[in-house]
Amino acid sequence: MNFARLVSLCCAVGFVGCVKPVTLPGPVTGDCSQATPLVPGVPGSPGHLIPSSLNPNGQSELAFRMRAFVQDWADVKLALAAKAPVTKKYLPSHRALRCSWPTDPADRTAEFDALAQAYLGAVDAFDRAPGDATYDAVLSGCAACHEVSCPGPLSVIEGLARGK
C-alpha cells in the first residue's frame, strides 16, 4: 500500500492528527512578481488553508512551500556533509515563492518581493555551482527575509547551517 493511500485510509477512519497530503501546482514556468495576481480558491489561499499538524488553523500556500524548501535544504546539507554530488535543481520549484499566497495577504509587499528575488538569486547560484559557499548564501537569503518578517523560522534556518 502506498503512503498516500495509507494516509487517506487513516484519515477516513478518523485518526487524530490526520493530515492528508496536498499537491500544489508544479514548478512555475516563468517568473512571477508582486504584480502577478494570486489565484483565489487554490489550496493555501484565504479560506482554503492547507491542513497542518504544526498549525491547527491550517497553513498558507507560502508556508506549505517554505516547509518543503526546508526539507530540500536539509537534504542538501546532508549531501554536502557526505561530499555527495548535488544534481537536483531547486530554482524551478522555489521560484513559486513569489506567487504563493502568504498567511497574511498584506505581507505580499515590494520589500518581500525584493527579498524573495535575492533568495532566488542565491538559489540560482547554488543550482549553477552547488557547494558550501553557495549553500551558505541560500541560508543567508532565508534569514534576511525572516529577520524582517515572520521570525519564527529563524531557529529552523540556523539548524540548517553546516556544522550544526
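Modeller: Before we get to helix pairs: axes here are lines fitted to C-alpha atoms, for helices over the stretch in contact, and angles run from 0 to 180 degrees between N-to-C directions. The model is a predicted one.

Colleague: Fine. How do H2 and H4 pack, then?

Modeller: Helix H2, residues 61-81, packs with H4 at an angle of about 30 degrees, and their axes are 14 Å apart. Angles under 35 degrees count as roughly parallel, so H2 and H4 are roughly parallel to each other.

Colleague: Is the crossing of H2 and H4 left-handed or right-handed?

Modeller: H2 passes H4 in a left-handed crossing.

Colleague: Which residues meet there?

Modeller: From H2, Leu-62, Met-66, Phe-69, Trp-73 and Val-76; from H4, Phe-112, Tyr-119, Val-123 and Phe-126. By class, that contact has nine nonpolar residues, no polar and no charged.

Colleague: And H4 with H5, at what angle do they cross?

Modeller: Roughly 170 degrees, with the axes of H4 (residues 110-128) and H5 (residues 132-148) coming within 8 Å. The cut-off for roughly antiparallel is over 145 degrees, so H4 and H5 are roughly antiparallel to each other.

Colleague: What classes of residue make up that contact?

Modeller: The contact of H4 with H5 has 14 nonpolar, two polar and one charged residues. Among those taking part are Glu-111 and Tyr-119 in H4, and Thr-134 and Gly-141 in H5.

Colleague: Change of topic. How many helices and strands does the chain have?

Modeller: Six helices and zero strands.

Colleague: And what share of the residues is buried?

Modeller: 35% of the 164 residues count as buried. The accessible surface of the chain is about 9400 Å², and 61% of that belongs to carbon and sulfur atoms.

Key: Residues numbered from 1 in each chain as written. Predicted model: local features only at pLDDT ≥ 70, side-chain atom pairs only at ≥ 80, totals over all residues. Heavy atoms only, no water. Helix = DSSP H or I, 4+ residues; strand = E, 2+ residues; numbered from the N terminus. Parallel < 35°, antiparallel > 145°, perpendicular 65-115°, else oblique. Contact = heavy atoms within 4.5 Å. Nonpolar A, V, L, I, M, F, W, Y, C, P; charged D, E, K, R; others polar. Buried < 20%, exposed > 50% of the residue type's maximum accessible area, 1.4 Å probe, protein only. Areas by Shrake-Rupley, 256 points an atom, 1.4 Å probe, with all protein chains shown as cover. Left-handed = near helix turned anticlockwise from the far one by under 90°.
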